[in-house]
Amino acid sequence: MNWNNKLLILAICLNLVNTGCSEEEDTMDETTAIGDYTGTGSVTQGLGTTTVSNLFPDGQRIAATGTITASDDTEWILPAEVNFTDDSFPFASDLSNSYGNSYNSASEALAALDGSDIIEIDGSGEVITGFIFADNYFELYVNGEPVGKDAVPFTDFNSHIVRFRVERPFTLAMKLVDWEENLGLGSEKQATDYHAGDGGMVAFFQDEQAATIAITNSTWKAQTYYIAPVQDLSCLSEDGQARLSSSCSTADAEDGSDFYGVHWELPSDWMKESFDDSEWPSATTYTNNEIGVDNKESYTNFTDIFDKPADDAEFIWSSNVVLDNEVLVRYTVD
Ligand SMILES: [Ca+2]
Ligand SMILES: [Ca+2]
Ligand SMILES: [Ca+2]
Ligand SMILES: [Ca+2]
């Protein structure tokens with residue numbers, strides 16, 4: 001082999017090494033960069049800015065709210081825009097609330113109500129009673145009217161009663177929030193500082209004769225508006241209106257400070273009976289074990305309601321009860 005050939009082979013080898021390196025870098029860019037995200041949401045990265053240090057100072061975990069700006073310059077409220085401090089949105093009555101009233105049974109809790117709690121939607125309607133346990137926070141509308149919000153945004157876990165007078169058919173619409181300590185990063189401080197907590201909501205509605213008229217199950221609709229933490233944006237996909245994150249990691253992280261959040265704007269009329277939810281995904285159901293309510297008195301004291309053998313209400317959420325942190329659910333009672 002002459003020197004020219006040796007130099008040529010050396011040049012080819014160096015070129016291969018370089019190509020190898022740059023391909024590896026390209027691959028990393030493709031799986032992690034915001035610019036490579038092709039979905040319909042707005043992507044944020046890292047921690048948001050706290051605007052309210054704690055909505056509920058008595059609570060066990062800090063229920064802060066904040067803001068964050070996405071790569072497309074849209075601004076988002078973290079973990080979600082809520083009406084907790086809006087006096088015109090009524091608090092639901094307590095079933096079990098360690099900072100309010102705790103009852104040993106649903107009948108005891110109902111007996112404590114004087115009727116001033118009943119929200120009138122239709123003056124000629126019947127009184128519907130609902131029992132709700134949400135991890136962590138809910139706001140309920142009936143036909144677009146605010147009917148009851150959760151008294152404890154984060155923890156301790158609590159449960160509620162709502163009563164409203166309405167004519168059938170009517171539409172139940174709920175905003176559900178799985179709260180977070182690391183605003184924008186969808187995580188709380190548990191075994192590691194970046195533990196992705198889970199959501200879940202169960203509800204049971206009955207009429208004046210205590211006949212069941214609605215329970216949470218897969219016939220409800222559920223749409224996702226905030227997904228976090230997303231460790232790798234390439235795990236996200238969409239199918240029609242379904243915003244899917246089940247391929248994403250839910251593992252704890254020692255340092256999740258660079259993880260992503262994905263946000264979608266809520267339709268202004270999402271809570272109204274006229275809103276078309278026909279293209280929304282069906283709610284996904286979860287077992288009591290999956291949500292982990294066995295050690296929560298605010299649930300276990302009321303299993304005669306939430307686990308009624310003939311009409312067993314199921315925990316519902318979107319398709320990812322860990323990473324989806326703001327979910328709207330709807331159901332129309334005929
Ligand atoms: Ca709560
Ligand atoms: Ca939670
Ligand atoms: Ca149940
Ligand atoms: Ca979560």
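A residue is called buried when its relative accessible area is under 20%, exposed when that area is over 50%, and partly exposed in between, using a 1.4 Å probe on protein chains only. By this rule D178 is buried, at 2% relative accessibility.

The structure is a predicted model, in which local features need pLDDT of at least 70, side-chain atom pairs count only at pLDDT 80 or more, and totals for chains, interfaces and linings use all residues. Residues are numbered from 1 along each chain as its sequence is written, chains are lettered from A and ligands numbered from 1 in the order in which they are written, and side-chain values use heavy atoms, with hydrogens and water left out.

**Calcium site**

D178 is one of the residues that coordinate the calcium ion (ligand 2); the others are D135, N136 and D198. The contacts are made through OD of D135, OD1 of N136, OD of D178 and O of D198, at 2.2 to 2.5 Å. Donors are N, O and S atoms within 2.8 Å of the metal, or 3.2 Å for Na, K and Ca; water is not among the atoms, so sites may look incomplete. Along the sequence, the donor residues follow the spacing D-N-x41-D-x19-D. N136 belongs to the loop between β7 (126-134) and β8 (137-142), and D178 to the loop between β11 (170-177) and β12 (201-206), so the pair ties together parts that are 42 residues apart in sequence. N136 is buried, with a relative accessible area of 2%. D178 also coordinates the calcium ion (ligand 4), which is 6.0 Å from the calcium ion (ligand 2).

**Strands and pairing**

Helices (H or I, at least four residues) and strands (E, at least two) are DSSP runs, numbered from the N terminus. Two strands pair if DSSP finds at least two bridges between them. An open sheet is formed by three strands in the order β2-β3-β4, with antiparallel pairing. At its edges stand β2 (49-52) and β4 (75-78), each with a single partner strand, so one side of each is left without a neighbour in the sheet. The twist from one strand to the next averages 30°, where axes are lines fitted to C-alpha atoms, for helices over the stretch in contact, and angles run from 0 to 180 degrees between N-to-C directions.

Strand β20 (residues 324-333) is mostly covered, with eight of its 10 residues buried. The pairings described here are collected below.

| Strands | Sense | Bridges | A residue pair |
|---|---|---|---|
| β2 and β3 (residues 65-69) | antiparallel | three | T49 opposite T67 |
| β11 and β20 | antiparallel | eight | F170 opposite V333 |
| β14 and β20 | antiparallel | six | T224 with V327 |

**Pocket and cavity**

On a 1 Å grid over the protein atoms alone, a cavity is a set of points where a 1.4 Å probe fits but cannot get out, and a pocket is an open set with protein on both sides within 12 Å along at least five of seven lines; lining residues have an atom within 4 Å of a point. Grid points are joined across faces, edges and corners, and a volume is the space filled by probe spheres set on the points.

The largest pocket holds about 350 Å³ of space. Its lining has 21 residues, and W76, E81, K175, L266 and E326 lie nearest its centre. Both β4 and β14 (221-230) supply at least two lining residues each, and β4 gives the most, with three. The lining of the largest pocket comprises 13 nonpolar, three polar and five charged residues.

One cavity of 30 Å³ or more is counted, and the largest cavity has a volume of about 30 Å³.

**Backbone features**

A cis peptide bond joins L78 and P79, with omega about -10°; P79 lies in the loop between β4 and β5 (93-96). The bond from A228 to P229 is also cis, with omega near -5°, and P229 is in strand β14. Two residues other than glycine have positive phi: D73, near 75°, and N143, near 50°. D73 sits in the loop between β3 and β4 and is exposed, at 67% relative accessibility. N143 sits in the loop between β8 and β9 (145-149) and is buried, at 14%.

Definitions and conventions: Ala, Val, Leu, Ile, Met, Phe, Trp, Tyr, Cys and Pro count as nonpolar, Asp, Glu, Lys and Arg as charged, and the others, Gly among them, as polar.
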